[in-house]
Amino acid sequence: MQNQTMNANVATKRCPYCGETVNATCQKCSHCGEWLITRYGKSWVKTYLLCSFLGCFGAHNFYNGKTGIAIAQLILTLTVFGSVISIPWMIIDAIIILCGAYRDSQGLELSRKPTIGGTAVFCALGLLGGAGMHRFYTKHVAIGWLQVFTLGGFFIWTIIDLILILSGNFKDADGNLIKG
Ligand SMILES: [Zn+2]
């Protein structure tokens with residue numbers, strides 16, 4: 001009797017994979033072992049920076065557990081001659097990361113939590129010639145490329161974005177205001 005009362009008070013949900021009823025707070029189904037929440041991998045910012053600076057040595061792939069690919073990139077670069085492959089490979093990986101299409105060794109999307117400070121720093125890079133980073137960071141991928149190729153609307157667009165970010169009026173691609 002006591003047990004039934006307790007069960008009635010526990011919120012439940014149905015696992016979409018096996019159909020069993022599980023506790024609503026469960027992150028992983030206790031019956032079939034499937035994840036019931038969206039999981040994210042490692043940091044998008046760190047992955048991008050590792051790729052930008054050490055990508056030809058496979059640093060971003062080591063970081064994300066893609067060791068086989070990482071070793072291939074490392075060996076290519078260490079042979080010096082192989083750099084004709086590993087450097088373009090690094091650039092392609094950087095583009096994939098910017099587009100939000102990079103996945104780690106478990107197939108997880110990279111995690112990111114844009115703050116006003118971080119987004120502003122990325123935006124300010126536009127004043128040094130590297131426009132659009134804050135747009136990629138907040139998943140505005142198409143606008144990001146437009147800013148890359150227009151130098152951030154000849155800096156004007158970058159400055160407008162910077163004002164929006166610092167005044168707390170900048171939204172990510174999902175429509176959420178960037179805070180914190
Ligand atoms: Zn299940």
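Let's start at Lys66. Setting aside neighbours within four places in sequence, Lys66 is in contact with Asn61, Asp104 and Ser105. One caution before I go on: this is a predicted model. Where does Lys66 sit? Lys66 is in the loop between helix 3, residues 59-63, and helix 4, residues 67-78. Now look along the chain to Lys171. Lys66 and Lys171 are 105 residues apart in sequence, and 32 Å separate their C-alpha atoms.

On to the core. In soluble globular proteins, nonpolar side chains tend to be buried together. Here, the largest nonpolar core has 20 residues. Which of them touch the most other members? Cys51 and Ile97 do. Several elements give two or more residues to this core: helix 2 (44-54), helix 5 (83-98), helix 6 and helix 7 (133-137). At least three residues come from each of domain 2 (40-111) and domain 3 (117-178).

Stay with Ile97 for a moment. Not counting residues up to four places away in sequence, Ile97 touches Thr47, Tyr48, Cys51 and Tyr102. Note Cys51 in that list. Cys51 is the residue named alongside Ile97 for touching the most other core members.

Now a helix pair. Helix 6 covers residues 116-124, and helix 9 covers residues 156-166. Their axes come within 9 Å and cross at roughly 170°. An angle over 145 degrees counts as roughly antiparallel, so helix 6 is roughly antiparallel to helix 9. Which residues make the contact? From helix 6, we have Ile116, Thr119, Ala120, Cys123 and Ala124. From helix 9, we have Thr158, Asp161, Leu162, Ile165 and Leu166. By class, that contact has 7 nonpolar, 2 polar and 1 charged residues.

Staying on helix 9, take Leu164. Leu164 lies in that helix. With 15 other C-beta atoms within 10 Å, Leu164 is partly exposed. Its contacts, leaving aside neighbours within four places in sequence, are Asn169 and Phe170. Compare the position of Ser83. Leu164 and Ser83 are 81 residues apart along the chain, with 41 Å between their C-alpha atoms.

Past the helix end, there is Ser167. Ser167 lies in the segment after helix 9. Ser167 and Lys179 are 12 residues apart in sequence, and their C-alpha atoms are 10.0 Å apart in space.

Last stop: backbone angles. Two residues to look at here. Leu151 is not a glycine, yet Leu151 has a positive phi of about 55°. Leu151 lies in helix 8, residues 141-154. With 17 other C-beta atoms within 10 Å, Leu151 is partly exposed. Then Phe155. Phe155 is not a glycine either, and has a positive phi of about 75°. Where is Phe155? In the loop between helix 8 and helix 9. Phe155 has 14 other C-beta atoms within 10 Å, so Phe155 is partly exposed.

That's the tour. Happy to go back to any residue on screen.

Conventions
Residues numbered from 1 in each chain as written. Predicted model: local features only at pLDDT ≥ 70, side-chain atom pairs only at ≥ 80, totals over all residues. Axes fitted to C-alpha atoms, helices over the stretch in contact; angles between N-to-C directions. Helix = DSSP H or I, 4+ residues; strand = E, 2+ residues; numbered from the N terminus. Parallel < 35°, antiparallel > 145°, perpendicular 65-115°, else oblique. Contact = placed C-beta atoms within 7 Å. Nonpolar A, V, L, I, M, F, W, Y, C, P; charged D, E, K, R; others polar. Core = buried A, V, L, I, M, F, W, Y, C linked by C-beta atoms within 7 Å. Buried ≥ 20, exposed ≤ 12 C-beta atoms within 10 Å, placed from the backbone. Domains from an automatic or database assignment.
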